[in-house]
Amino acid sequence: MEPLLEIKDLRLVFSTERGILDLFQGLSLSLMSREVLGIVGESGSGKSTLAYTIIKLLPGNARILSGKVLLEGRDILSMKEEELRRIRGKEITMVFQDPSTSLNPVFRIKDQMLTVVKENLGLQGEVARKRALELLKQVELPDPESIMNSFPFELSGGMQQRVMIAMALAANPKLIVADEPTSSVDATIQTQILSLLKKLKAERDFSLILITHSIAVAKEVSDRIAVMYAGEIVELGKVETVIEKHLHPYTEALLKSIPRPRGKSEMKRMLPVVPGQVPDLISPPSGCRFHPRCPYAMDICKAERPPYFNKDGSLVMCWLYSEER
Amino acid sequence: MNDLNVGAYLVKRALLTVVVVIGTITITFFLSHVVPSNPVILLAGQNPTPEQIARLTHEYGLDEPLYVQFLIYLRQVFSGNLGISFSFSLQPVLPLVLQTLPNSMTLGALATLLAIVVGIPLGVESARRTGRKFDSLMRIFSVSSVALPQFWLGLILQLIFAVYLGILPNASYGGSLLFFDMHPVKTVTGSYLIDSLLTGNFVTFVAIAKSMVLPVLTLALYPIGLMIKQTRSSVMAALSQDYIRTARAYGIKEREVNYRFALKNALPPIIVTAALTFAYSSTLGVIYVEEVFNLAPGLGFLLRSSTGTGISSTGISGALDYQLILGLAIVVGIFYAIANLVADALQIYFDRRIAR
């Protein structure tokens with residue numbers, strides 16, 4: 001079966017005041033139709049940049065050196081603006097991290113919903129309005145009529161995020177990219193949003209890329225998980241495999257840092273964190289980018305960037321799994 | 001959004017306006033008395049004796065202590081009387097000012113309209129193309145238009161369009177001082193342009209409109225530059241916001257992203273600029289333009305006369321016409337205050353968060 005989305009050997013850098021920031025040095029990833037892929041990583045790992053690369057909505061200082069992003073075989077990166085516009089909002093849509101800034105503050109919800117519905121579904125007038133109301137109902141918002149007449153600042157964070165999701169669903173997209181959709185809301189709302197996404201996923205036919213810094217959130221909804229570190233996907237596999245039989249030392253560190261309810265005596269203990277810091281990618285570490293923080297680092301890790309090794313059905317970018325070792 | 005908040009906010013702003021006007025009166029009153037001047041010499045005729053001057057000074061209460069004069073003046077203002085003008089044959093100040101206002105306001109309104117219609121699109125396009133050639137060109141244009149002296153620009157435009165090309169009249173409403181003797185315009189609003197249109201006097205209307213082209217251009221250049229600058233910076237700020245990224249991610253057309261989603265967010269400072277442009281161009285801005293293009297009656301003319309530097313109806317100049325100065329300051333102050341109030345109301349209309 002042909003994948004819905006295929007990222008092939010993507011090389012991307014940022015020009016910054018301090019020099020060239022080398023983010024993706026040949027990143028590949030594919031996504032099947034109806035699949036949910038969780039992309040997990042610390043801030044600065046490049047997971048959001050990856051999301052914006054998929055709809056080619058990158059900041060002005062980002063430069064794509066090579067690679068392809070294929071949506072059903074069509075290369076998004078080589079498309080003209082007008083072609084891209086026809087894909088955005090129709091075939092691929094996005095849900096953003098902070099709905100309070102991602103919704104336009106001076107337009108009522110109805111103006112924003114209707115613009116999206118009209119642009120991407122070609123509906124007009126009363127039909128468009130009905131469709132918008134229907135979408136708001138599908139994301140389980142009470143009293144859609146009054147939501148339509150509200151300004152974003154009159155809604156709670158959870159409601160705003162539901163409106164964003166409704167907009168993302170409008171055109172029945174093939175792919176929804178959700179960039180940290182739950183990190184700006186509190187834990188209760190987070191659970192609600194995640195179960196809403198799961199419910200919608202079950203009802204409809206879209207693929208979902210869920211970008212999050214929390215491996216626990218990714219676990220909730222994903223079929224597969226990709227762990228990102230410093231611009232590399234260091235481990236990619238089925239959710240159970242990654243959680244239970246994690247391979248990469250970074251995944252191990254991430255899993256350890258999930259807070260769990262513990263006994264009273266343990267409460268006082270510090271939360272475990274991944275030691276060290278995300279490297280400065282203007283002068284990235286040689287070889288494997290994780291080696292300065294890795295407890296298992298070997299000589300070869302400093303010298304050579306590891307290839308992917310296949311283990312238990314997962315892909316892992318780590319010399320520990322080299323056959324010749 | 002509850003309208004109570006909006007109402008309360010506007011009432012608060014309106015009350016503030018009253019304070020601003022009283023402040024304007026106070027400051028203008030005392031500042032105008034810093035320069036020693038006795039307006040009665042405007043009345044005393046030629047070669048008055050010191051006794052005549054003393055008698056007139058006493059008669060008009062100008063020998064009272066300053067604070068007493070101020071209190072008398074305040075009481076007079078609050079009963080709706082702005083006093084009399086010494087340089088305009090003792091005419092009451094208020095009608096004098098009000099009858100000049102419509103013509104000057106017409107000039108100001110047209111200049112503001114031009115600034116909005118030309119300045120906003122150029123500013124938006126400039127913001128979209130930050131750092132590119134068009135943007136640099138616009139920045140050079142807006143800086144030079146703000147820096148260019150109005151009286152000089154007026155003279156150059158007269159030279160080109162009236163003297164060399166001969167396609168537009170040089171000066172005066174209708175192009176000649178005798179115009180209104182031949183084409184009388186019935187007074188409705190007091191603005192020649194509007195009145196000639198309202199009374200269906202199209203030949204006259206065209207002649208007056210033609211004579212206003214160069215003055216309006218002269219008056220508008222500075223606001224156009226200002227509007228480009230303001231729109232550019234405020235749209236640029238809006239374009240870097242998350243909601244613009246959202247609009248683009250949803251395949252909204254670039255035109256709609258710029259002129260609807262970004263521009264509406266960018267409007268508050270643009271509205272203030274437009275309101276102040278209107279207030280400025282209708283009052284202080286017309287001083288040079290009405291002089292260079294000999295457009296009378298107008299507020300600019302009156303302003304100059306009041307400071308003793310213009311030609312008054314009595315032909316005598318050189319003294320400060322206190323009550324006319326104060327009357328003008330009050331009217332100009334109220335004008336600015338109303339412009340600000342309208343700007344406030346419009347801002348709330350475009351962004352309800354302001355009144356929260």
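Helices are taken as DSSP runs of at least four residues, numbered from the N terminus. In the predicted model, one such run is helix H5 of chain A, which covers residues 125-138. Within helix H5, A:Arg131 and A:Glu134 are three residues apart, so about one helical turn separates the two. The side chains of A:Arg131 and A:Glu134 form a salt bridge, with 3.1 Å between the closest N and O atoms. A:Arg131 has a relative accessibility of 15% and therefore counts as buried, whereas A:Glu134 is partly exposed, at 39% relative accessible area.

Chain A as a whole contains 13 helices and twelve strands. Its C-alpha trace spans about 65 × 55 × 45 Å along the principal axes. The radius of gyration of chain A is 21 Å, which agrees with the value near 20 Å that a compact globule of 325 residues would have. Of the 325 residues in chain A, 54% are buried. When contacts between residues at least 6 apart in sequence are considered, 64% of those in chain A join residues at least 24 apart. The accessible surface of chain A amounts to about 14,500 Å², and carbon and sulfur atoms account for 52% of this area.

Charged side chains in chain A comprise 43 positive and 41 negative groups. The centres of these two sets lie 2 Å apart. Over all chains, the structure holds 36 salt bridges. One of them pairs A:Arg289 with A:Asp22, the closest N and O atoms being separated by 3.8 Å. This pair links distant parts of the chain, as the two residues are 267 residues apart. A:Arg289 is placed in the loop between helix H12 (264-267) and helix H13 (299-303) of chain A, and A:Asp22 in strand S2 (residues 19-31) of chain A. Both A:Arg289 and A:Asp22 are buried.

A further salt bridge is found between B:Lys253 and A:Glu119, where the closest N and O atoms are 3.4 Å apart. B:Lys253 lies in the loop between helix H10 (242-249) and helix H11 (254-282) of chain B, while A:Glu119 belongs to helix H4 (residues 109-121) of chain A, so the pair joins two chains. B:Lys253 is partly exposed, with 41% relative accessible area. A:Glu119 counts as buried because its relative accessibility is 16%, the cut-off for burial being under 20%. Both residues also take part in a network of salt bridges that links A:Glu82, A:Arg85, A:Arg86, A:Glu119 and B:Lys253.

In chain B, B:Gln158 is located in helix H6 (residues 150-164). B:Gln158 has a relative accessible area of 8% and is therefore buried. Apart from neighbours within four places in sequence, the contacts of B:Gln158 are B:Val163, B:Asn170, B:Ala171, B:Leu214, B:Val292 and B:Phe293.

In chain A, A:Gly237 occurs in strand S10 (residues 232-238). A:Gly237 counts as buried, with 3% relative accessibility. The C-alpha atoms of A:Gly237 and A:Arg224 are 5.5 Å apart in space, and the two residues are 13 residues apart in sequence. A:Arg224 is also among the residues that A:Gly237 touches, along with A:Ile225, A:Val242 and A:Ser314, when residues up to four places away in sequence are not counted.

Note on methods:
Residues numbered from 1 in each chain as written. Chains lettered and ligands numbered in written order. Predicted model: local features only at pLDDT ≥ 70, side-chain atom pairs only at ≥ 80, totals over all residues. Heavy atoms only, no water. Rg over C-alpha atoms; globule rule 2.2 N^0.38 Å. Buried < 20%, exposed > 50% of the residue type's maximum accessible area, 1.4 Å probe, protein only. Contact = heavy atoms within 4.5 Å. Areas by Shrake-Rupley, 256 points an atom, 1.4 Å probe, with all protein chains shown as cover. Lys, Arg positive; Asp, Glu negative; His and termini not counted. Charge placed at Lys NZ, Arg CZ, Asp CG, Glu CD. Salt bridge = Lys/Arg side-chain N within 4 Å of Asp/Glu carboxyl O.
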